[in-house]
Amino acid sequence: MNDTERGSRTLHRIRLVVLVVAVAISVLSVLLVVGAWRNDVTIDSDKGVATAEVLSAGKLRSAVSFITPDGVTHNPRLGVLYPTNLVVGQRIEVEYYKADSDDDDSDLLVRVAGRDAAVAIVPAGSVIVVTWLIAGPVLFWLRRKETQRKEAQNA
């Protein structure tokens with residue numbers, strides 16, 4: 001195998017890696033939205049509503065504490081779903097999956113009232129668009145280089 005053939009095979013492998021990574025990122029983004037939607041369906045199937053206090057606020061995770069009508073205080077270890085634009089000390093309405101409220105707080109599903117999986121669509125879609133805006137030209141460039149090497153090999 002000469003250098004031209006080896007280079008062409010290397011470009012082909014790199015192109016496959018770029019394609020696999022772009023597809024994987026796209027699939028994971030879609031799964032993120034599907035997972036959020038599934039959580040919403042679960043909460044809506046047995047929904048409780050309470051007023052919560054924001055204990056910590058972050059872009060990806062915010063901790064809350066709330067008391068259910070039966071007098072039990074909950075502080076979900078996983079925080080609250082859709083936590084953007086919350087402020088420490090803020091009092092908010094939350095919706096939670098009542099069937100989980102009897103167990104420990106480790107996996108209690110809680111979301112900010114009025115928010116749902118729709119808030120995940122724009123970020124996930126943006127990730128997909130940016131991924132393909134980068135991967136598309138890279139794949140095109142690699143394909144062109146691969147074709148040029150094959151033509152040089154055949155000449």
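Predicted model: local features only at pLDDT ≥ 70, side-chain atom pairs only at ≥ 80, totals over all residues.
**The largest pocket**

The largest pocket holds about 390 Å³ of space. Its lining is made of 14 residues. Nearest the pocket centre lie Leu32, Tyr82, Pro83, Val119 and Ala120. Two elements each give two or more residues to this lining: helix H1 (3-45) and helix H2 (118-154). Which element gives the most? H1 does, with five residues.

What classes of residue make up the lining? Ten are nonpolar, three are polar and one is charged.

**Two residues in one loop**

Tyr82 sits in the loop between strand S3 (73-74) and strand S4 (91-97). Asn85 also lies in the loop between S3 and S4. Tyr82 is not a glycine, yet its phi is positive, about 60°. Asn85 is likewise a residue other than glycine, and its phi is near 60°.

| Residue | Phi | Relative accessibility | Class |
|---|---|---|---|
| Tyr82 | about 60° | 10% | buried |
| Asn85 | near 60° | 71% | exposed |

Tyr82 counts as buried because its relative accessibility is 10%, and buried means under 20%. Asn85 counts as exposed because its relative accessibility is 71%, and exposed means over 50%.

**Putting it together**

Tyr82 is among the residues nearest the centre of the largest pocket, and Tyr82 is buried. Asn85, in the loop between S3 and S4, is exposed.

Methods. Residues numbered from 1 in each chain as written. Heavy atoms only, no water. 1 Å grid on protein atoms, 1.4 Å probe; cavity = no way out; pocket = protein on both sides within 12 Å on 5 of 7 lines; lining within 4 Å. Points joined across faces, edges and corners; volume = space filled by probe spheres on them. Helix = DSSP H or I, 4+ residues; strand = E, 2+ residues; numbered from the N terminus. Nonpolar A, V, L, I, M, F, W, Y, C, P; charged D, E, K, R; others polar. Buried < 20%, exposed > 50% of the residue type's maximum accessible area, 1.4 Å probe, protein only.
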